[in-house]
Amino acid sequence: MIINYKGSIPSSIGNFCNLQYLSLSYNKLNGSLPEIINGTETCNSKNPLPNLRTLYLEHNQLMGKLPNWLGELKLLEELHLYDNQLQGSIPSSIGNFCNLKYLDLSYNKLNGSLLDIINGIETCNSKSPIPNLQGLDLSANQLQGSIPNLIGNLSNLYNLNLQNNQLSGNLTEQHFWKLIPIGPPPFQLKYLSMGSCHIGPAFPAWLQSQKDLQYLDLSNASISSSIPNWFWNISSNLQYLILSHNQLQGQLPNSNIGEFLPNLYFLSLSGNGITGTIPDSIGHLTFLKVTDFSSNNLIGSIPSTINNCSSLNVLDLGNNNLSGMIPKSLDQLQLLKSLHLNHNKLLGKLPSSLRNLTGLDVLDLSYNNLSGQIPAWIGTAFLNLVILNLRSNMFSGRLPSLLSNLSSLHVLDLAQNNLMGQIPVTLVELKAMAQDHNMSISSLYDNQSSPRYEERLIVITKGLILEYTRTLSLVVSIDLSDNNLSGEFPEGITKLFGLVFLNLSMNHIIGRIPESISKLRQLSSLDLSSNKLFGSIPSSMSSLSSLGYLNLSNNNFSDKIPFIGQMSTFTESAFAGNPNLCGAPLVIKCQDEGIDKSVEDKIDSGFVDQWFYLSIGLGFAVGILIPYFVLAIRRSWCDAYFDFVDKIVKWLLFRKRVTYARNHAQRK
């Protein structure tokens, strides 16, 4: 029950002397576990919580180190601290859990060595620490060092998960010395997850003794040998088999693996070097839900017997060398949600029988040699389709307008084909692309108790090849580049407000970019290069604040570039090959820039001249008219003024006569 408790765990919790079961999981507890816990005096016991048998604190926000008092919980049988932020090393007192059956410290930030858990040998009167341990999960931490040999003494162990740590050294038979099949093994594992542990290079032979395995994950374990024949007969109970991301060699067995692994429903061999063909016996694995053979070196055709795997949700055969045609019998896989046949050598037309796969969410047939027209029934059969990737094939003809029925579509990639004609105006009806916030499609095989098949997609954008997995839900993309499409720029695309990537480059599209393109607020990448677009670049594009990549090169755009706002972040290469464009960031200046400047200078200088002459005229008028009006009004002032002027004039004339007389006398 989730109550959303907050805060730290008080030390007074130790006063619950009779408490046997405590679960505070899935809350918002934070802080560190108390270093000291009360209760030793209250409970008349040397140990706190003397009767506690089960402690659940998973899915909180606890941090700090594991306190030593945990090792004093003598009767504890289950300790679950999964998914917190605990740090530091595992305290040696953990080895004192003589009655502990389940220990889950996964998904924390614990470091140090696994040797810290072996100190309970003497305390428990046993030859092994925590001798009753049945389940040990230390996955997704930062544990280092080697795996101690004494882990093979845990005779009751059936669940072991050490994946996603930094453990080093090889996991060999020395760790499981009691498993040498001379007699019955001391334990039988049902769950073994050693992903990202260094097990190789040889395939671990000690697995031969494990006949009860239901879950086996040896992914990314540095195994570079071939899969031994005995392995396929390891356990008839096996349901999950994950050997991905190793360097496995050799071929898949031709024997009836369905007879040996009748209950298998998750099979991942991706990211290896497996060669040969896919055996027909794959069709005998009738319970398979996920088959992932991607990124190997498989050859030959896709076996028609695979249609017997009627429970398949995911079929991923991408990144191999498969050839031939897509089997018509795939239409028997009625529960299929994800089909990846990309990066192979498949040829021919899309079989019409595929229209029966009405539950498809993902269809990736990119990078093959498929031909013919893109069938219109895609738009009527796959109404739940989220990703349609037919990139880099030899499809021809026109884009079917019925593609607009794909109301859940997030990714439409038809680039690098031979498509022609106009882009259908009905694309505006792609409803999922018109939403600002899109649904999560990060996993199509999601179960809390099972591994997930993680969808992935290659997107070529921003001039880069990017692979999206966990962030795939953020991708909303239309890529129709490198075809022979023509006609006007489809203004309806500007109503797909959720678009993040738009690439229409290397076609023959004409017309103008509409001002309404500014409505694409989520747009991160826009490539319209190598078309026949003309006119001015809309100034409204400067408001596309999310736009990080722009390529408008090799078109017929004209006039001045609106180099403001977001547009000012792009370099000359984004606009190159448009001879009629001018202005920054191009070195070509607009013709009217010089004219405008000279006209502006003339206007400025004329403006100055007008004010200059006006000020002179006003000054002259003021100097003459004001004294005149003053003297005209006051008669006495007027007489006094002119008497003063007469005296000045007479004095000046007198001085002139005197000066003339002196000069004349000197000459004589």
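## A buried aromatic residue

Phe382 is buried, with a relative accessible area of 1%, where buried means under 20% relative accessible area, exposed means over 50%, and partly exposed covers what lies in between, with a 1.4 Å probe and protein chains only. Trp377, at 11% relative accessibility, also counts as buried.

The model is predicted, and local features need pLDDT of at least 70, while side-chain atom pairs count only at pLDDT 80 or more and totals for chains, interfaces and linings use all residues. Residues are numbered from 1 along each chain as its sequence is written, and side-chain values use heavy atoms, with hydrogens and water left out.

## Aromatic pairs and charges over rings

The structure holds 12 aromatic pairs, a pair being two rings of Phe, Tyr or Trp (for Trp, its six-membered ring) with centres within 6.5 Å, counted as stacked if the planes are under 30 degrees apart, edge-to-face if over 60, and tilted for the rest. One of them is the tilted pair of Tyr215 and Tyr240, with 5.4 Å from centre to centre and 45° between the planes. This pair links distant parts of the chain, since Tyr215 lies in strand E15 (residues 215-217) and Tyr240 in strand E16 (residues 240-242), 25 residues apart; strands are DSSP runs of E with at least two residues, helices are runs of H or I with at least four, and both are numbered from the N terminus. Tyr215 is buried at a relative accessible area of 8%, and Tyr240 is likewise counted as buried at 9%. Trp377 and Phe382 form an edge-to-face pair, with 5.9 Å from centre to centre and 85° between the planes.

Ring pairs also link Tyr191, Tyr215, Tyr240, Tyr265 and Phe266 into a cluster. The ring of Tyr265 has the charged end of Lys289 over it, 5.6 Å from the ring centre, and the charged end of Lys190 sits over the ring of Tyr158, again 5.6 Å from its centre; a charge sits over a ring if NZ of Lys or CZ of Arg is within 6 Å of the ring centre and within 35 degrees of the ring normal.

## Sheets and their edges

An open sheet of 5 strands has the order E1-E3-E5-E7-E9, with parallel pairing, two strands being paired if DSSP finds at least two bridges between them. Strand E1 (6-7) and strand E9 (109-111) stand at the edges with a single partner strand each, so one side of each is left without a neighbour in the sheet. E1 is joined by 2 bridges to strand E3 (residues 28-32), with which E1 runs parallel, and Gly7 stands opposite Leu29 in E3.

An open sheet of 11 strands, also with parallel pairing, has the order E19-E21-E23-E25-E27-E29-E35-E37-E39-E41-E42. Its edge strands are strand E19 (299-300) and E42, each of which pairs on one side only. Strand E23 (residues 345-348) and strand E25 (residues 369-373) run parallel and are joined by 2 bridges, with Gly348 opposite Leu370 in E25. E25 also pairs in the parallel sense with strand E27 (residues 394-398) over 3 bridges, where Ser371 has Met394 in E27 as its bridge partner.

Strand E41 (residues 556-560) pairs with E42 in the parallel sense over 3 bridges, and the bridge partner of Asp559 in E42 is Leu581. Lys589 lies in the loop between strand E42 (580-582) and helix H3 (591-633) and is exposed, with a relative accessible area of 57%. The C-alpha atoms of Lys589 and Lys560 are separated by 8.7 Å, although these residues are 29 residues apart along the chain.

## A pocket and a cavity

On a 1 Å grid over the protein atoms alone, a cavity is a set of points where a 1.4 Å probe fits but cannot get out, a pocket is an open set with protein on both sides within 12 Å along at least five of seven lines, and lining residues have an atom within 4 Å of a point. Grid points are joined across faces, edges and corners, and a volume is the space filled by probe spheres set on the points. The second largest pocket holds about 250 Å³ of space and is lined by 25 residues, of which Arg391, Ile460, Thr461, Asp479 and Asn503 lie nearest its centre. Strand E32 gives the most to this lining, with 5 residues. The lining of the second largest pocket divides into 10 nonpolar, 9 polar and 6 charged residues, where Ala, Val, Leu, Ile, Met, Phe, Trp, Tyr, Cys and Pro count as nonpolar, Asp, Glu, Lys and Arg as charged, and the others, Gly among them, as polar.

A search of the whole structure finds 4 cavities of 30 Å³ or more. The largest cavity has a volume of about 70 Å³ and is lined by Ile9, Ile13, Leu22, Leu33, Ile37, Leu49, Leu55, Leu57 and Trp69. By class, this lining has 9 nonpolar, no polar and no charged residues.
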